[in-house]
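Have the sequence and the 3D view ready as you read.

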Amino acid sequence: MDFLSGIHATASALNAEKIRMDVVAQNIANAHTTRDTDGKAYQRKVVTFESLLGPESGVRVAEIGNDFTAGELVYNPQHPHADKDGMVQMPNVRLAMEMVDLLSASRAYEANLSVARNARQMAAKALAIGR
Amino acid sequence: MQIGSLPIPQTRELQALFDATKLATPAGAQSPAGAGKPAFDNFLERAISEVDGTMKAADTEKTKLFTGETNNLHQAMIAMQEASVAFSLMVEVRNKLVEGYQEIMRMQV
Amino acid sequence: MIEQLFSSTNYQATRQLLDAATLRHEALATNIANLETPGYKRVDLPKTFAQEFAGRLRAGELKSAPAPQLVEDATRSSVREDGNNVELDRELLALGKNATEYDTLTEFVSGSIKQLRLAITGRNT
């Protein structure tokens, strides 16, 4: 049963935007992680979307990839992860960028929510036909 | 109608009356399409089958919605309302007919 | 006899427009869902839909109208480097407008049905 038109697309988008917000949260949380599981500084994750076609149209997360640009090198000889010159490889997370991403993800999330609300109102109107 | 076979004496007269009403249908009222059937009879039959048709259409729309073949909630609602309007039209016609019949039955001869 | 109750041109037109409004909602929902998809092109009813519909309505050929299909809207140029041509505010405005149109159309249909019911039963329920 599928009463609300376009609800598949909206649901998939809400899901995708939520994943994106999770990834942003992870990036911000790891803004100072100098040792990841691979022993190097944390690399920020980037979510890419792809559109789905057909009856279950919408959007989905194509992949969560790494951003390979180099992070800052900071001189900090006291740091346990400093190399022999006293330089520490910091993660390539930039807080300002992440905040922008977070804002646009939450804005997209809200937009999709209002689409769902709209669909529900339309269904309610259809149910009131003849009443 | 097997009224005549009942062992009550008055039913004979009833059967006679029944036969008489059959014969009393004027020849001009016969519809060209219905073979020997009175026009009104035909009309009722057609109306009832049309009401049945709208009901079936509403059912088809509902099934389509359930199976996900369509998501047009409004079309299902419209079909259901149309069926309900057609049905209430039929019920009203029936009520009027019964009313008319009772009016005639109460008539002092 | 029963069909004639529901065969007025405007009533039929309203039903077809309701279908179109549902389809349009689906298109706009898909567009908003794909706000961040690289290379996505927005879909919508064909630009000619309204004109064709008006033409059919005037000519009294509503019955022959094919069900509308969504098409890619290539006319809207992309202002973003990823080639996506969805603009959120436009889509949201169109969504609101479409919902209002849908409401209006359901009211029209409702009105016709209620009027018929009143005529038949003499009651307004």
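## A helix pair and two chain contacts

In chain B, the axes of helix α2 (residues 39–66) and helix α3 (residues 73–106) come within 8 Å and cross at roughly 160°. That makes α2(B) roughly antiparallel to α3(B), a label for angles over 145 degrees. Axes here are lines fitted to C-alpha atoms, for helices over the stretch in contact, with angles from 0 to 180 degrees between N-to-C directions. Helices are DSSP runs (H or I, at least four residues) and strands are too (E, at least two), numbered from the N terminus.

This is a predicted model, where local features need pLDDT of at least 70 and side-chain atom pairs count only at 80 or more, while totals for chains, interfaces and linings use all residues. Residues are numbered from 1 along each chain as its sequence is written, and chains are lettered from A and ligands numbered from 1 in the order in which they are written.

Which residues of α2(B) meet α3(B)? Among them are B:A47, B:I48 and B:V51, while the α3(B) side includes B:L73, B:F87 and B:M90. Contact means that C-beta atoms, placed from the backbone, lie within 7 Å.

Now for the contacts between chains:

| Contact | Residues from each chain |
|---|---|
| B with A | 9 residues from chain B, 9 residues from chain A |
| A with C | 27 residues of chain A, 23 residues of chain C |

On the side of chain B that touches chain A, α3(B) gives the most, with 5 residues. On the side of chain A that touches chain C, the largest share, 11 residues, comes from α2(A).

Note on methods. Parallel < 35°, antiparallel > 145°, perpendicular 65-115°, else oblique. Contact = placed C-beta atoms within 7 Å.
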